[in-house]
Amino acid sequence: MAALMMERNIYSNNLSRLKQAHSSTSESPSKDGNHTYDVVELVQKEIGSDIKSLKKVAGLLEKLTLENKQLEEQVLTVSSSVPLRVSSALSAAEESWVKLESLMEKERLLSNTLQQHLQGAQVWTDSIGQVLGQLDTLERHMKYLQCLTHIEELSDSIQQFLMTNSVWDAVGAIDVMASLDMGLRESGCIHLQGFLRETLCFWHKILKDKLASDFEEVLIQFQWPFISSPTQSLSPPANAQELNSQLELLVSQLLSLQTTDDLISEQKEAPSCAGLSQTPPLSLPIQIMLLPLSKRFRYHFTGNRQTNSLSKPEWYLTQILIWMGNSSNFMDEKIQPVLDRAGAKVNARVELFRGLLTLAQEKLANDAPRLLYDDALFCHLVDELLQFEKELRTTHSYPRSYPGILHILLEESVFQKWLSMERKMAVEKVDAMLAAERAWSSQYKDIIDMDELKAPDCAETFMTLLLVITERYRSLSCPRAQLSFLALQKELVDDFRIRLTQVMKEESRHPLSPRYCAILNAANYISTVLSDWGDNVFFLQLQQAAVSVGEEILGPLGTTETGRLASLEGSLFEALLALLERLRGDMLGRLLDAVMRDVKEKTQPYCKDRWISLPSQCDQATMSLSSSACVMMLCLRDHLLHFQQLLCLPLFQMFWQGLAERLDCLIYEDLILYNHFNEGGAAQLQFDMTRNLFPLFGQYCKRPENFFKHIKEACNILTLKIGPALLLCDVLKQDEDEALNQQQPSPESALNELGVYKLAPSDVQILLNHRTAWLNQ
């Protein structure tokens, strides 16, 4: 047994040494260390720490010896086969190199042969290229001649068609020639293009003149143009059916020439008049119908005629409107059905109006620059144009998708002149209205239903002026121009606000005067109107336009203001409304200060009354108002009635509520907290307040006591019975922790049960200390 233990110890020591060797090899790894590690792992795996496993050593040794022998044989086999593979690879590489050199030699030979062939073929290539170039030239000449021949054939055919009165065939041939002209647009043959264009214009003019002459004869039969209002008594012509057929035929033929006419019109390099907008060309029948009207217009309103007067733009504008009215029925009843049957998607009446407006536009584009230096004539022109535009859109139902004549006023120099004149005239009118004798009196003061805002004449006239300016620029189609006028309006409002401030400072010595109240009403009226404008659809559309282009006209808006405008949270008049609100608040504060000075003076005898020695309620037959309070009550009544007559309803509500708030603090601080009260004094105070003061304000609201919370709650505390007052005093004296431990209500909850919410517990303790009746017991 001892031997066995000794053998086990020896094995354990050897195993521990192997582990130490393993740890040392892990600290300094090397090739030998890796072998030692493998041996240790193998011994631990096969034998382990069990001494009985030592018998496996012999088998393990034999196994390892056999594996070692097999590995040596493999190494010998591999080492003998490597030289053979290397030599085989070298031989293959040498063969590939020889083949590569052979291929490169063949490539050089082929390249030389090809170069010699190309040099020999270059001569043939040059000669063939010359021949092909000549053939191409001949082909282009042939096509050129063919095109000329085709043009001459079309010209001859058009001539034959016109000689035989085959109008439709002539129109078809002209359309073919027009198509050929469009096809040659990308060609470089400028002479051919010129010849074709001249030929096309020649035959187009001949055919157009022929159809126009026939069309004019038919129109004459219908008594066109209607210079005066057509009368119903005229009987229709005897050959009315034949005339209608001719009218329809000629209109259809003229419409078939429309494409060619538009093509020729595009090619003409005629300078367009300044200020005229680009619109589609008029249909050919309408152009012919406009000719006699155009001649009459130019006869009367150009040159040295007396009717051509710069001071009388209403003459030619009225003439245009008269022709529109006289021609509308004929266009709707005669021409429009023909156009519809011909497939022309145009409105005959609108087309005629467009043509007549072109005459007015040309006249205005010529006259407007000549009036820039005459303020009176320029203002007269603007007024007439605005009136003309209004009548055009309303009476004659001219579509707003088509331009009228107001875009003439949007030309930069003309527009700036218009803007400056609007500013000048507005400032002059404001000066005049403020200097008027009845500037600060309301014209509706004797009409109760119409005088809710009590706006003075100057304020109402000023807002009417702004409304007129809005109506003048509302019809403009350019948002930038509209925003420019909006900037002018805001400038005028701010200027008027400054004027109100200046007048208010002059009247601030007499804040109770009617004029001071009129200034306050004016500020409130302007603020109310601007608030309503902020919700108007027109100004909301301008607000969206201001987000995109407003900074160029209204100045930098800022990220916050831009976001508010885009989301419609703010309005374009927000900054002005804030300034007007500040002016209104400042004036209302001055007014309340002046009233309170008078009321406070009248309140002094009432505050110094002997509240501590008044008789109790049971000693009096009936309660009546304190004699010292009569003057105060009369003063309050007079002020309320006075300002109810002078101030508009919203301002008066703010006034009496502010007065009630200040009066509540005055009586609470100067009377209640200043005096001690016996039972009779507290009852008398409550009677004066609830039966006299509160009813003064009762005609303006249902529960006036809610505006005198200090007084109301103080009276409740002062008139509290002795028992509840003592209990309340105990509750107020204890701490919150003590109240929680004794499960008693907190001071706040106890006060709430008594209807006291405004006063703090400390204030209630002060009021309880001002009671004399129960404290002396």
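Predicted model: local features only at pLDDT ≥ 70, side-chain atom pairs only at ≥ 80, totals over all residues.
Which residue is the kink in H9 centred on?

**View 1. Helix H9 and its kink.** Met331 is the residue on which the kink in H9 is centred, and the bend there amounts to about 45 degrees. The helix itself comprises 29 residues, spanning residues 313-341. From the first C-alpha of H9 to the last, the distance is 39 Å, close to the 42 Å expected at 1.5 Å a residue.

**View 2. The residue Gly343, after H9.** Gly343 follows H9. The phi angle of Gly343 is positive, near 85 degrees.

**View 3. Ser513 in the loop between H14 and H15.** Helix H14 covers residues 479-507 and helix H15 covers residues 514-534, with Ser513 in the loop that lies between them. A polar atom of the Ser513 side chain is placed 2.8 Å from the backbone oxygen of His510. Ser513 has a relative accessible area of 16%, and because this value falls under the 20% cut-off, the residue is classed as buried.

**View 4. The whole protein, as context for the close-ups.** The fold contains 27 helices and zero strands. Of the 777 residues in the protein, 39% are buried. Contacts between residues at least 6 apart in sequence join, in 74% of cases, residues at least 24 apart. The accessible surface of the protein is about 44800 Å², and carbon and sulfur atoms account for 54% of that surface.

Terms used: Residues numbered from 1 in each chain as written. Heavy atoms only, no water. Helix = DSSP H or I, 4+ residues; strand = E, 2+ residues; numbered from the N terminus. Buried < 20%, exposed > 50% of the residue type's maximum accessible area, 1.4 Å probe, protein only. Contact = heavy atoms within 4.5 Å. Areas by Shrake-Rupley, 256 points an atom, 1.4 Å probe, with all protein chains shown as cover. Polar contact = N/O pair within 3.5 Å; in protein donor to acceptor, adjacent residues only side chain to side chain. Expected span 1.5 Å × (residues − 1). Bend = angle between axes of the 7 residues up to and from the residue.
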